[in-house]
Amino acid sequence: MLYFPGYPQIVHKRGVRARLMRLFPCSTAKKSSSSNQNSVEDELELSAVRHRPEGLEQLEAQTRFSRKELQILYRGFKNECPSGVVNEETFKDIYAQFFPQGDASTYAHFLFNAFDTDHNGSVSFEDFVMGLSILLRGTIQEKLNWAFNLYDINKDGYITKEEMLDIMKAIYDMMGKCTYPVLREETPRQHVEVFFQKMDKNKDGVVTIDEFIDCCQNDENIMRSMHLFENVL
């Protein structure tokens, strides 16, 4: 999660990786003596699911995961999602378990849309590993691009003040009472007003990806949060 200046700190320390891996708990399974057999089975079963993922070689070229890591990830994915896709309700249910003190449904909706790159209402194995590769092993530039896509709710290439406020409110709703200091109701809007003005350099009412990345890269607090993000993941 990208933290702008003014974001409260989350009291618990569960990382984004833990939440994503909860979607596919078997993806963290240890290697076993039958790993070669499982690898062959994984290849054979690619055609057994409703949504057939790209070949592992292609995904290996497109991500920063090794073939073995992709096989482990896929094994967990197909065990949890035999149809080959994750729907939004499942995504929301998982996030709700990690934030019982708040309402994570809106933020989970926005995050799901960021993973659902072809906007078909489901997250495929390809969607999952492409996003996970960026979040876990991407460059700062790649992570900022991904964050921009998250904040650009309607995917028109710009972030409006309303979109930033929607994301901010969703994050605060998700945190609930698990923040320090405790938030006042007007806090999200106040933070958005300050930060949006800083980002919108030409004062045209929208933030472009160049403005977003430039502002983030030149803000020490944001860059510190990105490095913290890497450690948490």
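Colleague: How many salt bridges does a search of the whole structure find?
Modeller: Bearing in mind that this is a predicted model, a search of the whole structure finds six salt bridges.

Colleague: Which side chain does Glu88 meet in a salt bridge?
Modeller: The side chain of Glu88 meets that of Lys92, with 3.3 Å from N to O. Both residues sit in helix 5, which covers residues 88-98, and because they are four residues apart there, about one helical turn separates them.

Colleague: And is Glu88 buried or exposed?
Modeller: Glu88 counts as buried, because its relative accessibility of 19% falls under the 20% cut-off. Lys92, on the other hand, is partly exposed, with a relative accessible area of 22%.

Colleague: Okay, what about Lys161, which residue does its side chain meet in a salt bridge?
Modeller: That partner is Glu193, and the salt bridge between the two side chains spans 3.2 Å from N to O. The pair links distant parts of the chain, with Lys161 in helix 9 (residues 161-175) and Glu193 in helix 10 (residues 187-199), 32 residues apart. Lys161 is partly exposed at 22% relative accessible area, and Glu193 is also partly exposed, at 32%.

Colleague: Which residue pairs with Lys198 in a salt bridge?
Modeller: Lys198 pairs with Asp219, and their side chains meet at 2.6 Å, N to O. This pair, too, links distant parts of the chain, since Lys198 belongs to helix 10 whereas Asp219 lies in the loop between helix 11 (209-217) and helix 12 (220-232), 21 residues apart.

Colleague: Where do those two stand on burial, is Asp219 buried or exposed?
Modeller: Asp219 counts as buried, at 5% relative accessibility, while Lys198 is partly exposed, with a relative accessible area of 44%.

Colleague: Why can such side chains pair at all?
Modeller: In general, side chains of opposite charge can pair when their charged atoms come close.

Colleague: Changing topic, where does Ala114 lie?
Modeller: Ala114 lies in helix 6, which runs over residues 105-115, and Ala114 is buried, with a relative accessible area of 3%.

Colleague: What is Ala114 in contact with, leaving aside its neighbours within four places in sequence?
Modeller: With those neighbours left aside, Ala114 is in contact with Trp146, Asn149, Leu150 and Lys155.

Colleague: And how many residues apart in sequence are Ala114 and Ala147?
Modeller: They are 33 residues apart in sequence, and in space their C-alpha atoms are 8.6 Å apart.

Key
Residues are numbered from 1 along each chain as its sequence is written. This is a predicted model: local features need pLDDT of at least 70, side-chain atom pairs count only at pLDDT 80 or more; totals for chains, interfaces and linings use all residues. Side-chain values use heavy atoms; hydrogens and water are left out. A salt bridge is a side-chain nitrogen of Lys or Arg within 4 Å of a carboxyl oxygen of Asp or Glu. Helices (H or I, at least four residues) and strands (E, at least two) are DSSP runs, numbered from the N terminus. Buried means under 20% relative accessible area, exposed over 50%, partly exposed in between (1.4 Å probe, protein chains only). Contact means heavy atoms within 4.5 Å.
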